[in-house]
Amino acid sequence: MIAGMTETAYHDGTGPTTEEAAAPSPRERRIAAWRNAPRVLARLGFLAPLKERLRLLESAGDVHDLDETSDIYGNGVVEALERRVAELLGTEAAAFFPTGTMAQQVALRCWAGRTGDPAVALHPMSHPEVYERNAFSQVSGLRPVHFANEPRLPTAEEVRDFAEPFGALMLELPLRDAGFVLPTWDELTEVVEAARERDAVVHFDGARLWECTEHFGKSLEEIAGLADSVYVSFYKSLDAFGGAALAGPASLIEEARTWRHRYGGAVFQQFPTALSALIGLDRELPRLPEYVRHARVVAAALREGLEAGGLPWFRVHPEVPHTHDFQVWLPYGTEVVAETAIRAGEETGTMLFANHWDPKGPGLTATEVYVRAAALEWTAGDVREAATDFARRLTGARPSPRRPD
């Protein structure tokens, strides 16, 4: 394996050599190291072998009557899941969708029909703008308008003073690409009130809403109650096979079901995904506050360990995580950091950084750290030890860089 080889494909047209083609890619090595490591911070289900994923359904009988006829186009167990979500979020109704991309497009085009305004105000780092290939404008006829490009949610003043009209305000809670950040409860309520003053509806992109209760000190029902509609994901926090739900007023959800069909989301049978979501609500949802609290312990110990290991500069962001996920920034090239993380996992059996690393500028790279059930076995001392070892490996991989300006 060539040290420092990236996880991207070849771009010079030559292709890999026979020796390189036979060798595992950095991504394959990283996943293999993560699977084989006795100690990791998170066991992400979607990266597990198929036979292991299928074991999730062994407990399906605990969450639903398996003698019931399987679902057809959204009845049965899918309806049971929809009722459960509406109950948890305190909304009149909820509708299951195969993807969050579809759920949010449907929600916002329904609101556009009611407000008469296709403009959707959202942060430029929001999921639809970064990961969905301009689906709002290309598929749904919506017009995204952006707040300032700072890595945080908009303020009430920014919403109130925005230069052009908009029919809907979309808030991603938490804002993932900014570091899984959240506003305070007072800030959130003020932003919602500012949107209402402009006669705009408020939609929450709550893909990770489930883990926001600890930060806000509020129930899911209280958080969702601020918005006119809410989307939630079943796999990002709950470890389900996939799927999403749109929750809100009954009239909106009824119209959303029609658009779901038009968008191709009326899938014939979805019982494996629906059952996995019910299992996630039963098994993972009650544990999320514990993960968030432990993420704060992990983040603090990481800082101590990276400093003890001699790194001249680094950033754990947020310093106190708002959810059970956060970012780590390092002043090194992506290839060097990725290779160091993989080798540490392969050689020690402890995988501190199991996710990929993304370049953020010249000589600057970042990764996301996820804290789940597996992390509860780590003490602060365990994290410090692993972080110190990683930092020493990294500083030995290349001369220490200067601190970024």
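These legends describe close-up views of a predicted model.

Residues are numbered from 1 along each chain as its sequence is written.

**View 1. Confidence along the chain.**
The mean pLDDT of the protein (the predictor's confidence in each residue, from 0 to 100) is 93. A value of 70 or more is reached by 93% of the residues. Over residues 1-13 the pLDDT is below 50, and this stretch has 18 contacts in the model beyond near neighbours in sequence; a contact means heavy atoms within 4.5 Å. The pLDDT is also below 50 over residues 399-405, a stretch with 11 contacts beyond near neighbours in sequence.

The UniProt record, an unreviewed entry, gives residues 77-303 the annotation "domain: Aromatic amino acid beta-eliminating lyase/threonine aldolase". UniProt positions are given in the numbering used here, feature names are shortened, and annotations may be inferred rather than shown by experiment. Over residues 77-303 the chain is 48% helix and 15% strand. Helices (H or I, at least four residues) and strands (E, at least two) are DSSP runs, numbered from the N terminus. The end C-alpha atoms of residues 77-303 are 45 Å apart.

Phe46 is found in the loop between β1 (39-40) and α3 (50-54). Phe46 is exposed, with a relative accessible area of 58%; buried means under 20%, exposed over 50%, and partly exposed in between (1.4 Å probe, protein chains only). Not counting residues up to four places away in sequence, Phe46 touches Arg53 and Asp239. Arg53 and Asp239 form a salt bridge, with the closest N and O atoms 3.6 Å apart. A salt bridge is a side-chain nitrogen of Lys or Arg within 4 Å of a carboxyl oxygen of Asp or Glu. Arg53 lies in helix α3 and Asp239 in the loop between β7 (229-233) and β8 (244-248), so the pair ties together parts that are 186 residues apart in sequence. Arg53 is buried at 12% relative accessible area, whereas Asp239 is partly exposed at 27%. The C-alpha atoms of Phe46 and Tyr235 are separated by 8.6 Å, although these residues are 189 apart along the chain.

**View 2. Helix α12 and Glu82.**
Arg257 and Glu82 meet through their side chains in a salt bridge (3.2 Å, N to O). Arg257 belongs to helix α12 and Glu82 to helix α4 (residues 77-89), so this pair ties together parts 175 residues apart in sequence. Glu82 is buried, with a relative accessible area of 7%, and Arg257 is partly exposed, with 30%. Helix α12 also holds Arg260, which is buried at 10%. Among the residues that Arg260 touches, not counting those up to four places away in sequence, are Glu82, Phe96 and Met102.

The side chains of Arg393 and Asp389 meet in a salt bridge of 2.8 Å, N to O. Both residues lie in helix α16 (residues 380-397), 4 residues apart, about one turn of the helix. Arg393 is partly exposed at 25% relative accessibility, and Asp389 is partly exposed at 30%.

Definitions and conventions: This is a predicted model: local features need pLDDT of at least 70, side-chain atom pairs count only at pLDDT 80 or more; totals for chains, interfaces and linings use all residues. Side-chain values use heavy atoms; hydrogens and water are left out.
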